[in-house]
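Let's take a walk through this one together, stopping at a couple of spots worth a look. Have the sequence and the coordinates open as you read.

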Amino acid sequence: MGSGSGSGTGNAIQTCDANHWLPPISVAGPGIMRFAGKTYVFAQAGTSWAVVDHSTGVATTSAIPLPSGVSAMQLVKAEIGLDGKPVIWFFNANHDYATRFDGTAFTPAIELTGSQVVHADASGRLYGYGSNGLTEYSVDGTALVRGAFPVTSSLPWNVGPDGTVYVLHQVTRPSTIHPGDTADDLKLLHLPHGTLTWSADQQVASNEGYGFGGSGFGIAPDGSLHVTYMLGGLYYFRSHDGVTWETSRASDYASTATEIDVAPGNENIDPPDRPQDVTGYPHLVVPRDYDHIAITLDFPTSSLYTSSYYQLRRCAPFIGTSMTWPAERFAFSEAWTGEAAIDEHGVASIMTPFGLRVDVTP
């Protein structure tokens, strides 16, 4: 499928190509982006970045070619839009902005109204949700306010290739299994592009009163929908249409991960940390199509585990009777709030206390 550096033609899926993690690269910064064979690490001040070439593992620090009218790019978040190009949102001079990147330059920045997440459909339209509600931005930056979500929820939302907006939310109801207790349903509703009329709810999942906090939600370029949440292991749901869902487990109590970075001192913890155990909460959920998805989990330091990232990929062979996914673990000896990025091919870069780890497929 070409180089896992991300330099192959088009957006070939490399999620399940053989892994090769480069040695730690000595760069640091609070925001990262991975695209077209490079990883970009944004410095705290927001005026410079380190650009890592995956083919050489060499980092070069330079000034960011800032969008016009912007003095710095701080608190940067980035994802690959469904048109295959990065979507970047950031903070500058007390305002939130979004921009696109083609590998060389940024598009003019679009001022947002408090949006904490921005998504792009296959046509390059941007969608944000803030104090004005749902706002759609055409490729020239023209804003169209679509109104508030019809539910009050902190669960994720996303956008499909055709511009349909999907919103997850939780509904609490009396339990039918344990009378007198409550249960929770995970519901999905959607708003087709060009309309102001929301669909009826569709059921995704349910559990006995545990809820769905920390859920993850990704949509692939083929329009398939992918939902995850953690409850004694990572539950995973996928659907072609948002109506019929297939359920499986990405991890369980017995699942293990290949240790990539070991946290020094783990052997002295009482009770001992099992370095290979897979645990954590969805940080990134990035599907490339119905069958290929990469999920990054993060887990803060607790009495039983050290701070870690886990990189899961939906790739055979699955493990054991629960058919859990192969995974890699990056364990840290301190609480860590670094970042991760997954590129247009479904391959990851992860910022750790030891430096940047970059996955390239030989």
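Is Cys-315 buried or exposed? This is a predicted model, and in it Cys-315 counts as buried, with a relative accessibility of 6%. The cut-off for buried is under 20%, so 6% puts Cys-315 in that class. Its partner is Cys-16: the two form a disulfide, with their sulfur atoms 2.1 Å apart. Cys-16 is partly exposed, at 35% relative accessible area.

How many disulfides are there by the distance rule? The count comes to one. The pair links distant parts of the chain, 299 residues apart. Cys-16 sits in the segment before strand E1 (31-35), while Cys-315 belongs to the loop between strand E24 (308-313) and strand E25 (327-331). As for handedness, the torsion about the S-S bond of Cys-16 and Cys-315 is about -90 degrees, so the disulfide is left-handed.

Now hop along to Thr-352, which you'll find in strand E27 (residues 348-352). Thr-352 is buried because its relative accessible area is 2%, and buried means under 20%. What does the side chain of Thr-352 reach? Another is the backbone oxygen of Gly-355, at 2.8 Å.

Look past the neighbours in sequence, too. Leaving out residues up to four places away, Thr-352 touches Asp-261, Phe-330, Phe-332, Trp-336 and Arg-357.

Methods
Residues numbered from 1 in each chain as written. Predicted model: local features only at pLDDT ≥ 70, side-chain atom pairs only at ≥ 80, totals over all residues. Heavy atoms only, no water. Helix = DSSP H or I, 4+ residues; strand = E, 2+ residues; numbered from the N terminus. Buried < 20%, exposed > 50% of the residue type's maximum accessible area, 1.4 Å probe, protein only. Polar contact = N/O pair within 3.5 Å; in protein donor to acceptor, adjacent residues only side chain to side chain. Contact = heavy atoms within 4.5 Å. Disulfide = S-S within 2.5 Å.
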